[in-house]
Amino acid sequence: MARCGGRSLISSLLLLLVALLTISPSHGFVKTEKKIKSASFLSPKLVMNPGSVANPFLFDIDFPRGHIGIKGFDAEVVDQDGNPVPLHQTYLHHWLVQPYYVRKGFNLSQRDMPRNHGFSRHLGSKPDYILVRNGGLCRNTVRHFFGLGSETRKTSTRVPDPYAIEIDNPEETPDGYEFKWLLNIHAIDTRDVVDKSGCTECRCDLYNVTIDEYGRAIKPDYKGGLYCCYDKTQCLLRNGFDSVDEKTRTLYLKYTVRWVDWDSSVVPAKVYILDVTDSWEPSGDSQEHFCHVEYEVKPCKTNGDGCVDVKKKSLMMPFNGYIVYGAAHQHAGGIGAALYREDGEGICTSMPKYGNADEPGNEAGYIVGMSSCYPDEPVKVTSGETLTLEFNYSSAVGHTGVMGLFYILVTQQLPEQESSLPALFQAHTKSVSFLSFLAATVVVAVVVLIAAVVYRRQKREDGYQSLST
């Protein structure tokens, strides 16, 4: 019995030693990968002809329901057979999704999306629907939660562990309302057009429009952008070509959502979108953030690689928190964007990836991806601190309707480290030294125990009787 008990104790100590040595102190919180759910959906159909533009607002789209945490949102344009459509046939100018509350029993349609985006229709003192904005500074526009453009296939939207974007918290839903999602898709069919890049940059002369979608006159100095390529406009086709029915095709935006059910292990992160065209000035008369969304890059007067348009904007942050993700949105001609502190310390640099072939996701001349930032340690930002946006475009040729948006995810709290071991394990630097000390202690204990067992066995062989027998 003594021999068996000794062996059992030795085995237990050795197993404990192995377990201690294999513990990774770097994983101080519960991961969510095993809990992530994923589902893909198709938007309502887009009927496209050569040169045509689709820019609908689609309400109550299919989306995971309930109190959840979004872990990623990806999208691409596909045909009716589910095949990816290349950008040189149908250019995805942008897609965006945004949550909203709608009064129960009220159904929204495209015509219900007024100029001020949802705050003009009322039933008594209550609006018919209320858009849920991201946490960014632009109050007049740029309200969406997710959105990309031609770069959508190769830009990571993964929300790092243990963070997620909290959605549909029942405690935040106004009485008498339901939580839903809207989708905006801006697609331009560039088959058989005169100038593909001109159509994708929405040059007004190629669309032959003088008024915007609300019937307002377009200013003569406005060369191109969203005002000229709205829903159902038509870009100029090649001579002798007409948009015929046999060229008509049906397309969809396929979007994939990754999420987790909300629980105490998930740390909330909030979406902030910053715009380099923000009109706010720290010393100006107006403290409002009016964001123009797009701007023009004029061609430089000299030739060569030095032709770079640099646009900067310093903005005061409205939050205390930690940045855990960042990525920029640029159009063709973009050569990179950055977010940094006033002293020049970099926070995130997001660079474009250009395609070099014909297949979807690698189309030559188009931005097919933007690099995303996942800092090793969350970047602390203090409310009132000024951060600077910088967007660079090549100005070897001019560009109309370019954008300079920067997406960041911010958490107000850092995750609490969790472990079944004593509190000393919760601090990374302390846990390494403590584990080493404990492992050494176990080794010494094993050696002492082995010596004791050998000594006891020798004594028994010399005539001593074990007390346990």
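## The four-stranded sheet

Four strands form an open sheet in the order β17-β25-β19-β20, with antiparallel pairing, where strands are DSSP runs (E, at least two residues) numbered from the N terminus and two strands pair if DSSP finds at least two bridges between them. This is a predicted model, in which local features need pLDDT of at least 70 and side-chain atom pairs count only at pLDDT 80 or more, while totals for chains, interfaces and linings use all residues. Residues are numbered from 1 along each chain as its sequence is written, and side-chain values use heavy atoms, with hydrogens and water left out.

The edges of the sheet are β17 (308-316) and β20 (346-350), each of which pairs on one side only. From one strand to the next the twist averages 15 degrees, the axes being lines fitted to C-alpha atoms and the angles running from 0 to 180 degrees between N-to-C directions. Strand β25 (residues 386-394) runs antiparallel to β17 and is joined to it by 9 bridges; within β25, Tyr393 stands opposite Asp309.

## Overall composition

The protein contains 4 helices and 27 strands, helices being DSSP runs of H or I with at least four residues. Of its 469 residues, 48% count as buried, a term that means under 20% relative accessible area, with exposed meaning over 50% and partly exposed in between (1.4 Å probe, protein chains only). Among contacts with a separation of 6 or more, 79% are accounted for by residues 24 or more positions apart, a contact being heavy atoms within 4.5 Å.

The accessible surface comes to about 23700 Å², and carbon and sulfur atoms hold 52% of it; such areas come from the Shrake-Rupley method with a 1.4 Å probe, and for residues only the protein chains shown count as cover.

## Nonpolar cores

The largest nonpolar core has 71 residues, and those with the most contacts inside it are Ile70, Trp95, Phe146, Ile165, Tyr207 and Tyr255; a core of this kind is a set of buried Ala, Val, Leu, Ile, Met, Phe, Trp, Tyr and Cys residues joined through side-chain atoms within 4.5 Å. Strand β12 (residues 177-189) gives this core its largest share, 7 residues. A second, separate core of 29 residues includes Tyr272, Trp280, Ile347 and Cys373.

Apart from neighbours within four places in sequence, Ile70 is in contact with a set of residues including Phe63, Phe146, Val159, Ile165 and Trp259.

## Strand β11 and its partners

Strand β11 (residues 163-167) has 4 of its 5 residues buried and is therefore largely enclosed by the rest of the structure. Its pairing with strand β5 (residues 68-79) is antiparallel over 3 bridges, with Glu166 of β11 as the bridge partner of Gly69. With strand β14 (residues 267-268), by contrast, β11 pairs in the parallel sense over 2 bridges, and here Val267 of β14 is the bridge partner of Tyr163.

His289 is found in the loop between β15 (270-275) and β16 (294-297), and it counts as buried because its relative accessibility is 16%. Its side chain makes a polar contact of 2.8 Å with that of Asp278, a polar contact being a pair of N or O atoms within 3.5 Å of which, within protein, one must be able to donate a hydrogen and the other to accept it, while residues adjacent in sequence count only if both atoms are side-chain atoms. Leaving out residues up to four places away in sequence, His289 touches Asp278 and several others, among them Leu137, Cys138, Trp280 and Leu315.

Ile130 lies in strand β9 (residues 129-131) and is partly exposed, with a relative accessible area of 23%. Ile130 and Arg103 are 27 residues apart in sequence, and their C-alpha atoms are 8.6 Å apart in space.
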